Structure formats: C-alpha cells, structure tokens
Amino acid sequence: MQIKLTLNAPVDYLYQQLIDSARADIQQQTGRPAPRQSLQGYEYAKQWSNGLTGQLKITHAQPGVHYAYELETPRDHYGVDYQFATTDDGQQTVLEYAETFLGKDRKTNANNKFGVLFLGWFRKRRFKKMMTQMAASYGQ
C-alpha cells in the first residue's frame with residue numbers, strides 16, 4: 001500500500017509526532033524508556049492484546065526526512081516507510097507512506113493479498129484521517 005499526502009504542518013512537527021509515538025510504544029512494550037540517541041537500529045519485542053508477538057526493528061530514523069521499521073511475526077514480515085519532504089513554500093509537508101507485507105508461506109501471502117484487495121480502501125482512509133488529525137493538532 002502506498003499513500004502520498006500533503007499535510008498542513010511542518011515536517012519537523014510531524015516527524016517528531018511519529019518519534020514520540022515510537023518512544024511511547026517502546027516504553028509500554030519494554031518497561032524501560034527509549035534511548036535518548038537516535039532510534040535507528042533499535043530492536044524490541046512487541047506484543048498485541050490478541051497474543052500475537054513480533055520483533056520490531058527501526059531501520060531508519062533520519063530527522064525530518066525518513067522513518068522506517070520492519071516487523072517480523074511468526075506469520076509475516078512487515079515493512080513500513082515514511083518519507084518526508086517540505087513543499088516549496090515551506091509551510092506544508094509531503095508525506096509518502098508505504099507498507100509491504102510478505103507472508104512466510106503461500107496461504108499467508110494469499111490472505112494478505114485478499115486483505116489488501118478488500119480492506120485496502122478502509123486502511124488507506126483510516127491512515128489519511130489519522131495523519132490529517134495529527135497535522136491539525138499543530139499549533140494547538
């Protein structure tokens with residue numbers, strides 16, 4: 001899934017919102033505060049309320065430019081990538097978001113493709129709404 005959005009908030013603000021969210025998740029999952037230095041290369045075990053577990057690794061954390069992570073679960077490998085750019089007037093952010101799913105077997109890959117086909121529109125809509133709300137919180 002790929003999404004490109006222009007948001008009414010500066011790049012640094014939106015990037016910091018993502019980093020703050022990642023730090024809060026690290027704190028919640030590990031019981032320890034996130035490292036103060038760059039999160040790039042940081043790995044931790046993640047568990048969801050439904051019992052699913054995975055290993056999350058932050059692969060890129062370049063301030064105001066790029067944030068990405070990979071998540072390895074028993075069934076899938078997920079990749080999530082945020083690329084940031086400033087519009088020519090410097091007042092808005094162009095966000096390019098991409099995510100990939102790679103199942104560890106044929107059945108899982110088929111389920112992932114089916115899910116993207118039928119649920120992709122809802123997931124894109126929810127992501128756009130979340131990012132628009134995040135941008136709208138700028139200056140409040």
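Glu-96 is partly exposed, with 40% relative accessible area, and its salt-bridge partner is Lys-4. Keep in mind that this is a predicted model. Below, we start with the charged pairs and then turn to the nonpolar core.

**Salt bridges**

- The count of salt bridges here comes to four.
- In the Lys-4 and Glu-96 pair, the closest N and O atoms sit 3.9 Å apart.
- That pair links distant parts of the chain, since Lys-4 is in strand β1 and Glu-96 is in strand β6, 92 residues apart.
- Lys-4 counts as exposed, because its relative accessibility is 60% and the cut-off for exposed is over 50%.
- Asp-25 pairs up with Lys-46, with 2.8 Å between the closest N and O atoms.
- Asp-25 belongs to helix α1 and Lys-46 to strand β2 (residues 43–47), so this bridge ties together parts 21 residues apart in sequence.
- Both Asp-25 and Lys-46 are buried.
- Arg-75 and Asp-76 form another salt bridge, their closest N and O atoms being 3.9 Å apart.
- Arg-75 is exposed at 52% relative accessible area, whereas Asp-76 is buried at 1%.

**Nonpolar core**

- The largest nonpolar core has 30 residues, and Tyr-67, Tyr-82, Phe-84 and Phe-127 touch the most other members.
- Elements that each supply at least two residues of this core include β1 (2–7), β4 (66–72) and α2 (106–136).
- The largest share, seven residues, comes from α1.
- Leaving aside neighbours within four places in sequence, Phe-84 is in contact with residues including Val-11, Leu-14, Tyr-15, His-66 and Leu-95.

Technical notes: Residues numbered from 1 in each chain as written. Predicted model: local features only at pLDDT ≥ 70, side-chain atom pairs only at ≥ 80, totals over all residues. Heavy atoms only, no water. Core = buried A, V, L, I, M, F, W, Y, C linked by side-chain atoms within 4.5 Å. Buried < 20%, exposed > 50% of the residue type's maximum accessible area, 1.4 Å probe, protein only. Helix = DSSP H or I, 4+ residues; strand = E, 2+ residues; numbered from the N terminus. Contact = heavy atoms within 4.5 Å. Salt bridge = Lys/Arg side-chain N within 4 Å of Asp/Glu carboxyl O.
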